[in-house]
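Hi,

Here is the structure for your files. My notes follow below it.

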Amino acid sequence: MSQTVLNCGYVPLVDCAPLVIAKELGFAGEEGLALNLVRQPSWSALRDMLALGHLDAAQMLSPMPVAMSIGLGGLPARVDTLMVLSVNGTVFGVSNDVAADIGTVPFGDANALLSALSTRKGAKLRVGVPFHYSMHRLLLSYWTSTAPNLQIEEITVPPPRMADAVADGFVDAFWVGEPWGSVAVGQNVAQLMMTGKDVWQFAPEKVLAARHDWVEANGDASAQLMRAVYKASAWLDAQKNTPLAVEILARSEHLSMSPDLIDPALSGDIVTKQNTAPTPVGRFLQFHKHAATFPWRSQAAWIASQLGADVAGIEKAKACFRADLYRQNLAGIGADMPGASEKEEGALHFETAVASTRGHIILSPDAFFDGRIFDFS
Amino acid sequence: MNQNLRILVVEPDPERVRAIIDALKDAGWSDVKALAHMSALDRTVKEFAPDIVLIDLANPDRDTLEHISHATETSKRAVALFVDQTDDILTQAALSAGVSAYVVDGLKMDRIKSVLETAIARFKIMRQMQSELDAAKQALEDRKTIDRAKGILMRQRGLSEDDAYNLLRKTAMSQNRKVFDVAHALVTAAELLS
């Protein structure tokens, strides 16, 4: 059987795992795809390569296709989100100086941390984020918008340099994807204070994206890719596979990282401060369970509204989250999917069963730290 | 060609920096600053305010540069990118998509001048197009406000379209204001009263 060659861009972070597993464990090959993973040095380089047609598909930060669809930042291009690659998986940490300033705050308490930081004396808090159009940045501004006393300066720092940026005093705090938070703790320059989940319990983090015209012209290849990634995500979320997943990721040439760096993100055992025992964080990084891969149009709407889009922009954003293609391409392999393509974001405080194509599906809590609910229908 | 352009070169390798700066000086550009330490990128761009930034496509700090451009609204700044391979299709695609310039053949020094000229020309065209677009958008918005004000006068005062416009113009002249400002005030007042 001849294989379709597909160039897929990625940035080496632990949450590119579904792409690596799809390739290394043969899920892509079974679908007739020769998945060529192309490492990119920065998100803007990845975006340009996709927009210019040098990549067929790519791992992206979830706000990137939304920003591109509503015409914000960089090259204009219509980019579709085929599915979500991962949910949550980011950490917020502060320098040792700031940690000493604010005293003891329980790990994962977004409200307590916000008030502790607000009462801290001194200049603006300089916070490192990986990219302007990232969930990290949106969660940071959503979280701090309720604290007018807290002055934030957002600084873009490539994740591998985050620990050095803290050590140099260039940033006071950071919001970053794993393993770079753990690296900063390992170098004893910072303490982790919470995870992204503590601000929004179910935040789409990375997505699988492709140009709209490419998707239209390559229906078969998009379906093959989506099925391969869906199977990889299911494999990754099975707890018994975690040790093997760490092993495969560490050994593949795609992530040049040691198993020690990959393990915390996949196991959810996060060391928040040097010389302390790991804190187990439930649902730290999710690939599959609770319809994690489903591209909810309401997630796109939330992202667009945080980017300051108007009603027309929110509609464009919703259209680029291809829940329709997800249903069409994954129904045949027994993927269970929710009955609706939009939901109220922030309404679920517990695991909740909702109607699905096969009866019911359990959704994860998706509440925001301040209890607000967003209804975009 | 403006010879007083400020050029920032982002390149950690000292040998390449020296070669680039020499090539730029030979081409007549002397206001050049090189930056090796990435953590200073933010500050340097703000302080030095370069007209052009030369950066490697493969440099992870492109994201930082993009953020700075976004934060300081420097769509007035050209960013020229180096790529380390000859790829005419990519160059063409990048140019037509609005990326200021790609240096093909990596850092072939004799090409830097022409690449910079392309980047500058490209960035001038982009800036002009942007300001023309902004002006056209503004004119359209103004037009809409004036039409709404005319409509209000036609309804409330029973005037014809021409008379409504003449009244707006007369009022504007007597108050030494723009027709748009009078129309805008009228529309705002009508919204408050409705």
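**Strand pairing in chain B**

B:Val10 stands opposite B:Ile55 in strand β3 of chain B. This is a predicted model: local features need pLDDT of at least 70, side-chain atom pairs count only at pLDDT 80 or more, and totals for chains, interfaces and linings use all residues, while side-chain values use heavy atoms, with hydrogens and water left out. Residues are numbered from 1 along each chain as its sequence is written, and chains are lettered from A and ligands numbered from 1 in the order in which they are written.

β1(B) covers residues 7-10 and β3(B) residues 52-56; the two pair in the parallel sense over four bridges. Pairing takes at least two DSSP bridges between the strands. Strands are DSSP runs of E, at least two residues; helices are runs of H or I, at least four; both are numbered from the N terminus.

β1(B) also pairs with β2(B), residues 32-35, in the parallel sense over four bridges. There, B:Ile7 has B:Val32 as its bridge partner.

Both faces of β1(B) are covered. B:Ile7 and B:Val9 are buried on one side, B:Leu8 and B:Val10 on the other. Buried means under 20% relative accessible area (1.4 Å probe, protein chains only); exposed is over 50%, partly exposed in between.

**A:Leu363 in chain A**

A:Leu363 sits in strand β15, residues 359-363. A:Leu363 counts as buried because its relative accessibility is 5%. Its C-alpha atom is 5.2 Å from that of A:Thr352, eleven residues apart along the chain.

Best regards
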